[in-house]
Amino acid sequence: MHFTTIVDLIDHWQALIAGLLGFAAAIGVVWVTLRIERRKLEREMDALKKSLAVELRQQVSHALRAGLALRKLAGSHPPITARMLQSLASVPAPMVYPATADKIGLLGQGAMDVVIVYSLIETGRGGTTALINSRDPDNITPSTVAATADAFLSGWAYAQTVLPKLRTGVPEHDQKDAQLIESIKAATAHGSVLDS
């Protein structure tokens, strides 16, 4: 097999050369596709984190307000009525969290923390709903109201470690988080928020 020109060489090995070029092109397409998918996943993760961060801050803020109001109500004199609870402990249902539940696992180690915070807040919401719909809605015991307050406040206490990990992407919100956490820690140290 003697080839006198490059054209003769290419002509003789054209099938092998075409196969190698096709294989290289396929590898290139797979590589580009994987990069595109990785970038897409990164954007999706960023959007998930930011969406959960915004909603979690709202949920935690409402839970804190409700917990403090219920704690104060529990310290008042009976009778405590369902209407009082309803007006003080209104925490809206989350919307982002249920819609993205199938993707929470993508948060890795932070997934469990996010689920715990939402679960604690949901325990408080469920407890409030149960008290509002109780058999004796005009005579709710202070200890029951205090237990419901504790569920909301536990959600807040746990969220203090979660919020710094989930950023909204807006520096002003992150600064407010730090200020709010510090003020709650200061109040906690004085025993005015949580009696641990």
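Biologist: Which helices each supply at least two residues of the nonpolar patch?
Modeller: This is a predicted model, where local features need pLDDT of at least 70, side-chain atom pairs count only at pLDDT 80 or more, and totals for chains, interfaces and linings use all residues. Residues are numbered from 1 along each chain as its sequence is written, and side-chain values use heavy atoms, without hydrogens and water. Helices are DSSP runs (H or I, at least four residues) numbered from the N terminus. The two suppliers are H1 (6-12) and H2 (14-74).

Biologist: What accessible area does the nonpolar patch have together?
Modeller: Its nonpolar side chains are joined within 5 Å, each with over 30% relative accessible area and no salt bridge (Lys or Arg side-chain nitrogen within 4 Å of an Asp or Glu carboxyl oxygen). H2 gives the largest share, four residues. With Ile6, Ile10, Trp13, Leu16, Ile17, Leu20 and Leu21, the Shrake-Rupley area (1.4 Å probe) is about 690 Å².

Biologist: Is Leu21 buried or exposed?
Modeller: Leu21 lies in helix H2. Buried means under 20% relative accessible area, exposed over 50%, and partly exposed in between. At 58%, Leu21 is therefore exposed.

Biologist: Are H2 and H6 roughly parallel or antiparallel to each other?
Modeller: H2 and H6 (residues 142-162) pack at about 150 degrees, axes 8 Å apart, where axes are lines fitted to C-alpha atoms and angles run from 0 to 180 degrees between N-to-C directions. Angles under 35 degrees count as roughly parallel, over 145 as roughly antiparallel, 65 to 115 as roughly perpendicular and the rest as oblique. H2 and H6 are therefore roughly antiparallel.

Terms used: Patch = residues over 30% accessible without salt bridge, like charges linked within 9 Å, V, L, I, M, F, W, Y side chains within 5 Å. Buried < 20%, exposed > 50% of the residue type's maximum accessible area, 1.4 Å probe, protein only.
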